Amino acid sequence: MQVQRSSITSDILGRYYTNSYVGAILVSSMGAISPESVLDLGAGDGVLTAAAAKIWQDATYYTVDIDENARSASLPKLLGSSFRHHVGDALSSAIEKELGLNLGCADLAICNPPYIRHQWRKGFASILEDAGLSHVLPKLADMPAEILFIAQNLRFLRKHGRLGLIVPDGVIAGERFAGLRNALATEHCIERVIELPRGIFRKTEAKAHILVMSKSGEGPDEILVQRLDESGVLSPELKIRREQATGRLDYSFLARGMGNKRTKQTRIGDVTISLSRGSFSSSQRTKCDFPVLHTTDLGPAVDVVSRKFCMPSALAKQGQFNLAKPGDILVGRVGRNFEEKVCIVKSGTVAVSDCIFILRVAPEHRDSVFAYLKSSPGREALSFSSHGVGAKFLTIDALRNILFKSK
Ligand SMILES: C[S@@+](CC[C@H](N)C(=O)[O-])C[C@H]1O[C@@H](n2cnc3c(N)ncnc32)[C@H](O)[C@@H]1O
């Protein structure tokens, strides 16, 4: 099987493991049930199965991992015949036979899938189709492993069977996965989302969430959304209607929106004349014989672009690049502390790297938007609006949707 590494981990099989505390929270958030069969695809060292076995002692556990050295392989030997392990590809077409568990029969599944991209295979299309997820991205071949694993789990579950997952931030908050969230909330039933603190996994800074759902469309009309903080305390629950699942389901973002409901605010997008990325990639930037402003040139103390970044006027007049002009607000869009990298062009014309947005707003709103983005609530809004399992990044739509107090 061919796989590509994701941007968040250098491990080709996406082997970063859940800590046992998060495993315990995942299984305890799945409600009062007594499953007879529990499935764990991509079981790794078996943390999720071990947490489940503490609560559901009479169940039979089916674990699968492609890595023959995964510690879950030793569960049958250590814990007895109610633990069955299969070394192999959880996405293979004959997996149910190899595992000895029929499709549509498992009562419960728990899974922290690998966040990698598998080389597309024909069999993936029927996995997605069976689970009602073949339409959730424009191109089937772009389907990341986490969606294939969600689909494979849904195939194994019986009607109303429950699925407890640990999913990357994009699945819960990314615009790209709005169609997936809609399908999971309407064709199936999303019940609960718990945002996990960054750095919860060993070996990676990945941002992730617990997602609890059940198979088939019937179930509660509201999704309960919470956050687990660094000290292990769960926040109060926010209640989101199921039909709102296409929007973001991350607690930090939703809690902020609810807190702001009473103040009259304006969307940045409603006062925007244009919003674009700079033209120069990092490799082009190093070859340019004129200065190109990059995120490393910005920081909390930089309010105004230094004159040393002005482009020679003869070159600027040629009009071949997307350049920032006086009055434009420059907003870092990617990387660590990007939310602190906001400045304004006061004079000259400036070439900008593609890690920076050039935001041109109506002149009467310019000062308010700039002051807001430089303020600490503005920095928080930028940070909460960002996505990313590993590196944080801001999309054009997310920046347009930020609310500021207009005059
Ligand atoms: C993110 S780790 C999670 C491990 C464990 N479930 C946990 O929560 O700690 C993903 C696991 O999936 C396994 N894996 C990757 N691709 C797989 C595939 N195609 N079939 C089965 N297991 C796979 C990796 O070896 C790894 O153990």
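Biologist: Which domains does the domain assignment give for the protein chain, and what distance separates their centres?

Modeller: This is a predicted model, and the domain assignment of its protein chain gives domain 1, residues 3-259, and domain 2, residues 266-404. Taken over C-alpha atoms, the centres of domain 1 and domain 2 are separated by 37 Å.

Biologist: Which residues are closest to the ligand, and which helix and strand each supply at least two residues of the shell?

Modeller: The ligand is surrounded by 21 residues, and the closest are Tyr17, Thr18, Gly42, Gly44 and Asn112. By class, this shell has 12 nonpolar, 5 polar and 4 charged residues. The elements that each supply at least two residues of the shell are α2 (47-55) and β3 (60-65).

Biologist: Which residues of α2 are buried, and against what do they pack?

Modeller: In α2, the buried residues are Val47, Leu48, Thr49, Ala50, Ala51 and Ala52. These buried residues of α2 pack against α1 (20-28), β2 (37-41), β3, α3 (75-79) and β5 (106-111).

Biologist: Why is strand β8 described as largely enclosed by the rest of the structure, and which residue in β10 stands opposite valine 193?

Modeller: Strand β8, residues 189-195, has 6 of its 7 residues buried, so the rest of the structure largely encloses it. With β9 it pairs in the antiparallel sense over 6 bridges, whereas β8 and β10 pair in the parallel sense over 4 bridges. In β10, the residue opposite valine 193 is valine 225.

Biologist: How many residues of β9 are buried, and which residue of β9 is the bridge partner of arginine 162?

Modeller: β9 is mostly covered, with 7 of its 7 residues buried; Ala208, Ile210, Val212 and Ser214 point one way from the strand, while His209, Leu211 and Met213 point the other way. Strand β7, residues 157-168, runs antiparallel to β9 and is joined to it by 7 bridges. For arginine 162, the bridge partner in β9 is serine 214.

Biologist: How far apart in space are glycine 219 and serine 306?

Modeller: In sequence, glycine 219 and serine 306 are 87 residues apart. From C-alpha to C-alpha, the separation of glycine 219 and serine 306 in space is 57 Å.

Biologist: In what order do the 4 strands of the open sheet lie, and which helix packs on the sheet?

Modeller: The 4 strands form an open sheet with antiparallel pairing, in the order β13-β18-β15-β16. Its edge strands, each pairing on one side only, are β13 (272-277) and β16 (342-344). Neighbouring strands of this sheet are turned by 20 degrees against each other on average, direction ignored. The helix that packs on the sheet touches β15, β16 and β18 (356-361), its direction makes about 25 degrees with that of β15, and its name is α12 (residues 363-374).

Note on methods: Residues numbered from 1 in each chain as written. Predicted model: local features only at pLDDT ≥ 70, side-chain atom pairs only at ≥ 80, totals over all residues. Near = placed C-beta within 6 Å. Nonpolar A, V, L, I, M, F, W, Y, C, P; charged D, E, K, R; others polar. Domains from an automatic or database assignment. Buried ≥ 20, exposed ≤ 12 C-beta atoms within 10 Å, placed from the backbone. Contact = placed C-beta atoms within 7 Å. Pairing = 2+ DSSP bridges. Axes fitted to C-alpha atoms, helices over the stretch in contact; angles between N-to-C directions.
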